[in-house]
Structure formats: C-alpha cells, structure tokens
Amino acid sequence: MAVACRSEEAARELSRLVREEMARLARLLADDAGIGEIPRRFAVAANPAMEHFILGLPVRKIAFPPYRPLFNEGQHVTAADLGWPFDAKVFFFPLPGGYVGGDFVAFLYGEMFPGPRSPVPSPRLYLDIGTNTEIALTDGERLFATSAASGPAFEGGNLSCGVTARPGAITRVTLDGDRLALTTIDNLPPVGICGSAVVALLSALLSAGVIDRTGRLLTPDKIHSNLGMRVVERKGIPSFVICRDARRELLLTQDDIRQVQLAKGAIRAGIEVLFDRSGIHREMLGEVVVTGSFGAELDPAALKSIGVFTEKMVSISTFRREGVLAGVERALCEPDGFAAVDTLAAAIRVIPLSGTPAFEKHFMEQMNF
C-alpha cells in the first residue's frame, strides 16, 4: 500500500497486476472444473486494500487515519470494467469501515445466514486472526465489529525463525516431560516455525516454568528441568533453542515472545472493547467462532494459556477453516444473496480502536500471559 500511495503510476500497475492474475485464476479454475466457459457471475471478498486495488480506487484514505474505505455498500461491476477478457458480472463485498473488510463480511454472512441447520446459541463472538484481526460480537439483534492491528506474529512474521506454511515449517509443538516433539509439513527437517506452533510452544513453556507471566524467558538456573539447557544467549538476546542440527539453529528469542505479546494484547483488548461498548457480558457468550488457516491449527487451550481466550471461550470455541469461502459461496448460490450481504453489512456497527483510551487501557492490562 505504501508503494501505491507514492505515485498514481505505481497504483495503476498494482491494480493491473492483481486484475490480470485474477483473470488467469478464473480461467484455470474453469479448466480444472471441466466447465469449459468462464462463469457469468463472480463475487470478490477481500480486505479493503485489495478491493480498492482491484477496482482501481485510490488507497490513501485507508492507508492513513481514520482509515475509511471509499465505499461501504457492495459494488456491482462487469468483467469488462476490470479489463477481463470475458463476459461476467462481478460483485464486490461491502466494506463496513476501517479494516473490517469484505472478507470478514463474507465470513459473518456464512455464519449468520447458515440455512437449514440447528440454531446457533447467542451471544456469539467471531474472530479472523491475522495481521489485522477482525472481531465481531452479536446478541442476535445488534452486531458490533472492530479490527485490531495485531501484527504478523500469528502468521509467522516478525519472528526470528517464523515462516508461512511451507514444506518443513513446524506446525505443531508438544512437550513430553523435558522433550519437545515437533511436527513439520511433509515431515521434512524444520526450516522455521508457523504462528500456530509458536502459540503452542509458548503455552508449553509457560506451563513448564521456562517463561513467566510477564513474558520473560527465565535464566537456566531458575528453570527446574532439563529445558533450562535449551536457554542460551545469542547476540546478547536470551533465546530458547527449538531445534538445532549441523545446518541450522532455530530459536525463539525474547524479542519473538514480545511480538506475540503485542499481538495477543491487541486482540484481547479489541474483544474487551466490544464487550464494553455492547453491554454484553463475556459470561453470556454461547459460541466463539474462529476462521482462517491459522485458527484451524490452534488448540483453544493454548489460546487461553497466552491470554487470548478465557476459560469459558475454550469450551465453546469452533474453528472454520474456510469461513470466508463458505460465505462467498452462499452469497453466489442464494437468489437474493448479494442483497442480504448488503443488509448484513449495513447492520454492523464498527467500533474504531486507534487512539481510544478504552483500547489503550485494555491493551496494557492484557500484555501479560
């Protein structure tokens, strides 16, 4: 987004590249599905920046406070408007405000308009955890939402050995006595650690007394197990050795732990602000739904250990790996799906967090594990 803000030429080039790639993927999907021709209806659900890029809209208003998108209702365009070499109508999911994006609206639509299934208990809390964690809280009548700038730690970013989900990435960590058991993608030698595994590792180290509640990595003499032998100092920074071999040493550093604390503090503070503003008590919650590939790999108990979930949230949490896609599919298949999406988006009351005293208060309170 910084590049797009620097010049109109750069913004146009980014828009062109994104549009061309989408057209290529549309053709690829049609070929893989064996349907021959490109479908005549498309729906796009993305974060505010991507929807602006695809539509060729300037992004300065969402790059700087108060982070307002140029549209709130769903946008109907044609494939020709996007420079796509086929005939189709395209619906862009609405952007309620701030960084509550079209992808989150799609997730909520799929959950709140589920069709024939058992009623979902209320109130409900929804989370899409990522660099910007979107949060929604509803009591069945009112719907509040916000976006917490939680940073990339939960996606492996800003961590010394963090990686995205790729061959060799550590996806799971368990502690058996003093022994760490690691699971990697494709069972290959570890090349780095995913965000979900970092949460599991921190949970294990907290329970084993290697890290204290403030997030401080203890010195070996204060750790009453052989795990103390894994605590080292590298370039003056206390670190925990996840694994090492002749080729590499993977470390969880004190700075890595602080990055996770900042991320989890922002998420929990965002949740608490929604409870405050809505008047809904956290003990009234009937279900917590988390979406995204990151959430699907998480143990809810680990989220409680690091302070994102309360004890009750653990017992009522559910994970939807493809929550956004489910909402997009439903909107495309329902005769009045796009109108229902707009109705839902219009009902969302977006609560801004940036610079608000309530958020800053809760953020400081939630920094500890």
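Reader: Where is the place of Tyr67?

Author: Tyr67 sits in the loop between α4 and β2; helices (H or I, at least four residues) and strands (E, at least two) are DSSP runs, numbered from the N terminus. This is a predicted model, in which local features need pLDDT of at least 70, side-chain atom pairs count only at pLDDT 80 or more, and totals for chains, interfaces and linings use all residues. Residues are numbered from 1 along each chain as its sequence is written, and side-chain values use heavy atoms, with hydrogens and water left out.

Reader: What is phi of Tyr67?

Author: Phi of Tyr67 is near 55°, a positive value in a residue other than glycine. Most residues other than glycine have a negative phi, and most peptide bonds are trans.

Reader: Which peptide bond is cis?

Author: The bond from Pro65 to Pro66 is cis, with omega near 5°. Pro66 is found in the loop between α4 (60-63) and β2 (75-78).

Reader: Is Tyr67 buried, exposed or partly exposed?

Author: Tyr67 has 28% relative accessibility, so it counts as partly exposed. Buried means under 20% relative accessible area, exposed over 50%, and partly exposed in between (1.4 Å probe, protein chains only).

Reader: And Lys235: where does it lie?

Author: Lys235 is in the loop between β10 (231-234) and β11 (237-244). Its phi is also positive, near 55°. With 87% relative accessibility, Lys235 counts as exposed.

Reader: Changing topic, which residues are buried in helix α13?

Author: In α13 (residues 357-365), the buried residues are Phe359, His362 and Phe363. Seen down the axis of α13, they fall within an arc of 105°, so they line one face of the helix; the arc is that of the directions from the helix axis to the C-beta atoms. An α-helix has 3.6 residues a turn, so residues three or four places apart point the same way.

Reader: What do the buried residues of α13 pack against?

Author: They pack against α7 (254-278), where contact means heavy atoms within 4.5 Å. On the other side of α13, Pro357 and Met364 are exposed.

Reader: How many helices and strands are in the chain?

Author: The chain has 13 helices and 15 strands. Its radius of gyration is 22 Å, close to the 21 Å that the globule rule gives for 369 residues, so the chain is as compact as a globular protein of that length. The radius is taken over C-alpha atoms, and the rule is 2.2 Å times the number of residues to the power 0.38. Buried residues make up 50% of the 369 residues.
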